[in-house]
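Here are some short notes for a first look at this entry. Please keep the structure open while going through them.

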Amino acid sequence: MFQRLAFTFFLIVLTLTCQVTSHQVKPFLAEKLTEEIPLSPKPKTWIEFQVIKAADWETSLAGLLDLENPKAKAAGLKDRLEPISIYFYLIKHPKYGTFLIDSGVGDIFTKDKNEIPINSIVESQLHFSKLKIYETTKVYLSKNKIDVKGIFFTHLHLDHTLGAYELDRSVPFYVGPGEVTKKQFINLFVQGSTNRLLGENPNLFQLDFGKEPSEIGVLDFFGDESFYVISVPGHTPGSLAFFIPAKDGAHLVLGDSCHTQWGWKEGVTPGTFTSDHKLNQKSLDYLKRLENTNQLKFVYPGHQERIQILGKR
Ligand SMILES: [Zn+2]
């Protein structure tokens, strides 16, 4: 009896102390916090923005969309395998150089399945055999002679970190508030895989928006109105979205606050892949409002084709 109690206690302690990665993380104190994204930002300089499709894949619709949402029920949506893609994005700043959003897919995933640096329980859930890879990150970067100055992670779920291990160890990896330091039960299963995917000694920074972890925050990262990082907690504790002004309307990168085109159009959050539904809904509502207040050209759901906004009205 005592042994069983002790074991249960041990398990509780273990789960309470489990972060998404056990790698060291440093705080990054943002200087240019702003309350809101300006209605018409006037960047001193313009970012060149590009989306790259790294792979096609498929996963459960019940993970991607909250099928219990009344809108999903009314549409008769049922769980099934849904086609998805894995993207990464290029942020080319004329003065500060090129940054990535998310890390694409590493070369090892094109090779022998046994070499994949992900534990077998997680692998059995993710079906890596269905991954159809178009571009691996390192090859893409060297082919295009890109010297990466930093990576922003929309969040640290495995499908966003598949190319991180290949990158130079000096490259800063930026994540949202609480993304590393918040402890969650699920991390018990994924921590080892996340550690391996981020690679040895990653140069990991957790952005601090100077707010409560449950609050939405906006950061003018370069301080010149060219690139806004938005803290949108809910899908994961430190989920991030990005607003990139462009001359003909802005790009809005949602990350996995919304995975699908249907989810964006209907304002319905992800399903079982999201850790805090209420908070995810609040963040998605905030992002949806930008469609009315700001000139958007394209919206990029986490795992499906971008949606054209301007010119479609
Ligand atoms: Zn994802």
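**Notes on the zinc site and its surroundings**

1. Start with Asp256. This is a predicted model. In it, Asp256 has a relative accessibility of 3%. Asp256 is therefore buried, since the cut-off is under 20%.

2. Asp256 is a donor of the zinc ion, through OD.

3. Look at the geometry next. The angles among the 4 donor atoms run from 84 to 169°. The site is irregular.

4. The donor residues follow the spacing D-H-x95-D-x46-H in sequence. Asp159 and Asp256 link distant parts of the chain, 97 residues apart. Asp159 sits in the loop between β7 (148–152) and β8 (172–175). Asp256 sits in the loop between β13 (250–255) and α7 (261–266).

5. Is Asp159 buried or exposed? Its relative accessible area is 16%, so Asp159 is buried.

6. Move to helix α6, residues 187–198. Its buried residues include Asn187, Val190, Leu197 and Leu198. Gly199 follows α6 and has a positive phi, near 85°.

7. Phe99 belongs to strand β5, residues 97–101. Phe99 counts as buried because its relative accessibility is 6%. What does Phe99 contact, leaving aside neighbours within four places in sequence? The partners are Tyr89, Leu90, Ile91, Lys149, Gly150, Phe152, Tyr174, Phe221 and Phe222.

8. One distance to check: Phe99 and Pro202 are 16 Å apart in space, C-alpha to C-alpha. In sequence they are 103 residues apart.

Note on methods
Residues numbered from 1 in each chain as written. Predicted model: local features only at pLDDT ≥ 70, side-chain atom pairs only at ≥ 80, totals over all residues. Heavy atoms only, no water. Donors = N, O, S within 2.8 Å, 3.2 Å for Na, K, Ca; no water. Tetrahedral: all angles 85-135°; square planar, octahedral: opposite > 155°, others 65-115°. Helix = DSSP H or I, 4+ residues; strand = E, 2+ residues; numbered from the N terminus. Buried < 20%, exposed > 50% of the residue type's maximum accessible area, 1.4 Å probe, protein only. Contact = heavy atoms within 4.5 Å.
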